[in-house]
Amino acid sequence: MRARQVLDGLAADVSVVCVDLLQYAESYYFHDGDRRISLAGQIAGAVGLADQASAARHPDVRRSAAVVRAALDDLAAILDSRFLHTQGSAREVFEAYARDHGHLGGG
């Protein structure tokens with residue numbers, strides 16, 4: 001199933017970002033100003049995708065969406081504890097991340 005594969009790949013990629021931020025904290029400070037290729041500029045899209053997929057008809061897609069959501073929650077926790085200190089929800093952290101990287105409006 002294609003949707004499940006996309007979601008599983010997204011979860012794996014987000015997990016890699018988590019490890020990178022934990023091992024190489026300085027990578028947070030290097031960012032691209034182009035919103036189209038910036039994680040900070042596109043993370044809201046990943047959240048939206050996980051939200052949509054969590055309501056999918058197929059249980060495998062819903063499970064994969066839950067894995068993406070868990071990876072995103074981990075990412076938000078790392079971003080907040082190490083860099084942003086919002087103590088907010090994952091959405092609030094991602095909005096702060098987008099603003100901090102020059103993507104005003106956050107979403």
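Colleague: Is alanine 90 buried or exposed?

Modeller: The model is a predicted one, and the answer rests on computed accessibility. Alanine 90 belongs to helix α4. Buried means under 20% relative accessible area. Because its relative accessible area is 19%, alanine 90 is classed as buried.

Colleague: Which residues are in contact with alanine 90, leaving aside its neighbours within four places in sequence?

Modeller: One relation across the sequence is to aspartate 74, which is 16 residues from alanine 90 in sequence and 8.9 Å from it in space, C-alpha to C-alpha. Contact means heavy atoms within 4.5 Å. With neighbours within four places in sequence left aside, the residues in contact with alanine 90 are Asp73 and Ala76.

Colleague: How are α2 and α4 oriented relative to each other, roughly parallel or roughly antiparallel?

Modeller: Two packed helices are described by the angle between their axes and the distance between the axes. For helix α2 (residues 39-53) and α4, the axes are 8 Å apart and the angle is about 155 degrees. Angles over 145 degrees count as roughly antiparallel. Therefore α2 and α4 are roughly antiparallel.

Colleague: With which side chain does the side chain of histidine 103 make a polar contact?

Modeller: Histidine 103 is placed in the segment after α4 and, with a relative accessible area of 3%, is buried. Beyond four places in sequence, the residues in contact with histidine 103 include Asp32, Asp34, Arg35 and Ala98. The polar contact, at 3.2 Å, joins the side chain of histidine 103 to that of serine 38.

Colleague: How are α1 and α3 oriented relative to each other, roughly parallel or roughly antiparallel?

Modeller: The axes of helix α1 (residues 2-23) and α3 come within 9 Å, and α1 passes α3 in a left-handed crossing. The residues of this contact divide into 19 nonpolar, two polar and five charged. The axes cross at roughly 20 degrees, and angles under 35 degrees count as roughly parallel. Therefore α1 and α3 are roughly parallel.

Colleague: Which residues does serine 64 touch, not counting residues up to four places away in sequence?

Modeller: Serine 64 is in helix α3. Its relative accessible area is 4%, so serine 64 is buried. Not counting residues up to four places away in sequence, serine 64 touches Arg4, Leu7 and Asp8.

Colleague: Where does histidine 85 lie?

Modeller: Most residues other than glycine have a negative phi. Histidine 85, however, has a positive phi near 55 degrees. Because its relative accessibility is 55%, histidine 85 counts as exposed. Histidine 85 lies in the loop between α3 (59-84) and α4 (90-100).

Colleague: Is glutamine 87 buried or exposed?

Modeller: Glutamine 87 lies in the loop between α3 and α4. Its phi is positive, at about 55 degrees, although glutamine 87 is not a glycine. Exposed means over 50% relative accessible area. Because its relative accessible area is 77%, glutamine 87 is exposed.

Technical notes:
Residues are numbered from 1 along each chain as its sequence is written. This is a predicted model: local features need pLDDT of at least 70, side-chain atom pairs count only at pLDDT 80 or more; totals for chains, interfaces and linings use all residues. Side-chain values use heavy atoms; hydrogens and water are left out. Helices (H or I, at least four residues) and strands (E, at least two) are DSSP runs, numbered from the N terminus. Buried means under 20% relative accessible area, exposed over 50%, partly exposed in between (1.4 Å probe, protein chains only). Axes are lines fitted to C-alpha atoms, for helices over the stretch in contact, and angles run from 0 to 180 degrees between N-to-C directions. Angles under 35 degrees count as roughly parallel, over 145 as roughly antiparallel, 65 to 115 as roughly perpendicular and the rest as oblique. A polar contact is a pair of N or O atoms within 3.5 Å; within protein, one must be able to donate a hydrogen and the other to accept it, and residues adjacent in sequence count only if both atoms are side-chain atoms. A crossing is left-handed if the near helix is turned anticlockwise from the far one by less than a right angle, and right-handed if clockwise. Ala, Val, Leu, Ile, Met, Phe, Trp, Tyr, Cys and Pro count as nonpolar, Asp, Glu, Lys and Arg as charged, and the others, Gly among them, as polar.
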